[in-house]
Amino acid sequence: MTSERPGFGAGDYRDLPEWQAATRFASLVEAASDELDVPEDLEWLRYLIARSGGAVPPLIERAWARTHLAEYLLGLYESLDHVILLEYYLLFLRGEGYVSGSYANELDAKRAELERVILERCDELRAEWRETHTFTAGMEMTDEASLRAVGLAE
Amino acid sequence: MLSQADNELLCRVGRGTPMGDLMRQYWLPALRSDELPRNDSDPVRIMLLGEQLIAFRTTSGAVGLIQNSCPHRGASLFYGRNEEEGLRCVYHGWKFDAAGSCVDMPSEPADSQFKSKVRATAYPCVERGGVVWTYMGPREDPPPLPDFEANQAPEGAEIGHGPARSGNHEWTVFNHSRNCNYMQALEGDIDTSHATILHMGKLTPDDVPEDSWTRYNVSEWAPKYSVVDTEYGTCYGAYRPAGPDHNYWRIASFLFPFYTMVPVNTLGGQAMARAWVPMDDEHTMFWSMSRRLPYEDIDMSWQEAANDSGHLAMRGLEFEPNTTDWYGRFNLKAKAENDYLLDREEQRTSTYSGLPAITIEDQMVTETMGPIYDRPSEHLGTSDAMIIRTRMRLINAAQALRERGEVPPGVDTPEVYRQRSGGVVLPRDVDWLEATAELRKAYVMHEGLKVHFTV
């Protein structure tokens with residue numbers, strides 16, 4: 001049994017709440033990185049912040065174009081890594097005094113909101129995956145090749 | 001990057017520091033049982049979380065872990081006489097039992113009750129699976145020991161002291177010291193992408209058989225990651241293509257407060273726990289506890305060939321003899337003072353690093369970061385997602401304990417440590433977390449599973 005499209009969802013990625021939240025957040029991050037007043041030796045950080053903020057919507061878009069639900073889930077997790085990176089970068093910028101506490105809190109609240117939206121979507125899709133798959137020792141490993149691949153068959 | 005203040009919070013482990021307080025919530029591996037081989041055997045100096053302690057085994061076999069400095073005049077109890085259920089300071093003869101009670105005070109008048117008023121700091125100890133565990137925290141009744149599958153050797157079982165899977169022992173407990181802060185050492189364990197470069201940088205796909213998992217590793221130096229928070233810490237799945245319809249996954253974990261499980265064998269086929277226990281802020285004792293599960297190994301002769309050709313540095317480790325110094329236990333011969341036995345000719349012609357063994361490669365990179373790595377000046381990118389999440393979990397947990405008294409993950413839930421790590425090949429259409437749920441559980445046997453050993 002597989003979860004090929006459109007089993008995990010059909011339609012335009014732009015209608016996805018996670019993509020919409022990510023796009024709104026990406027604009028915020030872009031503006032924030034433009035305004036960021038960091039010394040020259042921290043320009044690389046401005047680059048990483050802009051990159052991480054901008055990475056999330058296209059990751060969701062690309063994952064949505066994949067065949068399997070599990071691949072879409074992976075894409076969401078990959079995008080979450082960027083969201084966590086941003087949390088970490090903010091922690092650093094606040095700690096070193098490059099952004100004010102209130103501004104950092106405001107940005108982090110928006111970041112946390114995006115994280116929540118993506119995590120909820122992950123939970124929802126994971127539950128859907130669980131319902132549509134049969135487990136063998138916790139794995140959907142019903143064909144010989146797959147069993148062999150994980151060392152469960154000759 | 002991390003601000004200086006957060007770096008200090010993450011790295012300092014002395015009593016009263018946020019991370020030191022967090023670590024003192026847990027049972028800690030203090031020393032190996034065989035370091036105190038007999039009842040009344042020689043006391044051993046133990047440096048743990050910046051505290052100088054003396055370990056001794058009493059006449060009846062209990063283990064004591066007591067402050068170094070005699071509560072009377074401060075002379076070292078290391079020089080004490082270990083006799084008749086206690087450790088006696090040779091200065092004035094004050095004697096302390098394993099619980100730290102002063103049980104004899106020959107320098108005071110015979111009718112004095114002074115001895116009943118004096119206690120030495122002593123930490124409760126429990127032995128399990130060849131490890132002496134101690135609790136240095138605030139509770140009268142310590143929490144339960146973490147339930148590590150690899151640390152359940154039954155009493156009397158023979159325990160090997162080589163690296164995991166070396167020799168023929170079912171159970172092993174292996175140590176070596178590292179001259180740097182615990183966190184940078186630990187971060188090496190959860191940074192999977194370095195393995196293909198530092199340890200396998202000279203291996204090409206043609207050096208390994210087509211169906212070998214190592215082939216997937218060396219074919220793709222930049223894996224993708226899926227990192228998740230868990231009830232015990234953090235877990236990552238790093239994946240690379242394994243043919244058109246599968247991915248090869250390396251699944252590993254960080255477990256509070258300093259444990260790791262790395263993906264060197266088949267998921268479900270290895271029982272292990274690694275610990276990076278701070279001796280102090282700048283010295284770490286590495287622990288590897290493992291149990292060889294009764295699975296068949298697949299043919300790994302190519303690995304020996306790669307070792308022989310020098311493309312993989314898998315030579316044995318050599319140790320300095322242990323001394324009684326605070327830092328005299330389990331020191332490797334390859335060290336900063338001899339450039340870790342770097343062989344430039346070998347680096348040019350065979351191995352990637354020119355260093356003699358994988359452990360030495362890890363030792364070199366983490367020690368040369370400095371005693372406490374200056375994280376404000378580092379440059380972390382997307383491949384460091386697991387490191388970043390782990391730091392955040394530790395920092396947040398230390399702050400939550402300090403500010404709100406929140407008990408950190410795992411302290412009262414020993415069952416969360418029942419985990420396994422390893423590699424697995426999964427079809428692309430399966431969700432890795434769901435698909436590996438059983439394989440990641442400790443104490444579960446999987447019929448017919450064969451063990452791939454990877455680096």
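## Basis

Helices (H or I, at least four residues) and strands (E, at least two) are DSSP runs, numbered from the N terminus. The model described here is predicted. One element that takes its name in this way is strand S2 (44-48) of chain B, and the loop between S1 and S2 of chain B holds B:Asp40.

## Interface of chains A and B

On chain A, 42 residues are in contact with chain B, and on chain B 45 residues take part. The size of an interface is often given as the accessible area lost when the parts come together. Here the area buried between chain A and chain B is about 3700 Å², and carbon and sulfur atoms give 62% of that area.

Applying the rule across the interface of chain A and chain B gives 2 salt bridges. A:Arg130 and B:Glu434 form a salt bridge in which the closest N and O atoms are 2.7 Å apart. For polar contact between chain A and chain B, the count is 8 residue pairs, with both residues at pLDDT 80 or more. On the side of chain A that touches chain B, the elements giving two or more residues are helix H2 (43-64), helix H3 (69-95), helix H4 (101-132) and helix H5 (144-149) of chain A. H3(A) gives the most to this side, with 17 residues. By residue class, the side of chain A that touches chain B divides into 23 nonpolar, 8 polar and 11 charged residues.

## Sheets in chain B

In chain B, 3 strands form an open antiparallel sheet with the order S1-S10-S9. Strand S1 (27-32) and strand S9 (125-128) of chain B are the edge strands; each has a single partner strand, so one side of each is left without a neighbour in the sheet. From one strand to the next, the twist averages 35 degrees. S1(B) pairs with strand S10 (residues 131-135) of chain B over 5 bridges, in the antiparallel sense. The bridge partner of B:Leu31 in S10(B) is B:Val132.

Another open sheet of chain B has 4 strands in the order S5-S6-S7-S8, with antiparallel pairing. Why do strand S5 (81-83) and strand S8 (102-104) of chain B each have one side without a neighbour in the sheet? Both stand at the edges with a single partner strand each, so one side of each has no neighbour there. S8(B) pairs with strand S7 (residues 95-96) of chain B in the antiparallel sense over 2 bridges. In S8(B), B:Asp104 stands opposite B:Lys95.

## Salt bridges

Over all chains, the structure holds 38 salt bridges. Side chains of opposite charge can pair when their charged atoms come close. One salt bridge joins B:Arg15 and B:Glu51, with the closest N and O atoms 3.1 Å apart. This pair links distant parts of the chain, 36 residues apart: B:Glu51 is in strand S3 (residues 51-57) of chain B, while B:Arg15 is in the loop between helix H1 (4-11) and helix H2 (18-23) of chain B.

## Backbone features in loops

B:Phe256 and B:Pro257 are joined by a cis peptide bond, with omega about -5 degrees. B:Pro257 is placed in the loop between strand S15 (246-255) and strand S16 (259-261) of chain B.

B:Asp40 is not a glycine, yet it has a positive phi of about 60 degrees.

Definitions and conventions
Residues numbered from 1 in each chain as written. Chains lettered and ligands numbered in written order. Predicted model: local features only at pLDDT ≥ 70, side-chain atom pairs only at ≥ 80, totals over all residues. Heavy atoms only, no water. Contact = heavy atoms within 4.5 Å. Buried area = accessible area lost by both parts, 1.4 Å probe. Salt bridge = Lys/Arg side-chain N within 4 Å of Asp/Glu carboxyl O. Polar contact = N/O pair within 3.5 Å; in protein donor to acceptor, adjacent residues only side chain to side chain. Nonpolar A, V, L, I, M, F, W, Y, C, P; charged D, E, K, R; others polar. Pairing = 2+ DSSP bridges. Axes fitted to C-alpha atoms, helices over the stretch in contact; angles between N-to-C directions.
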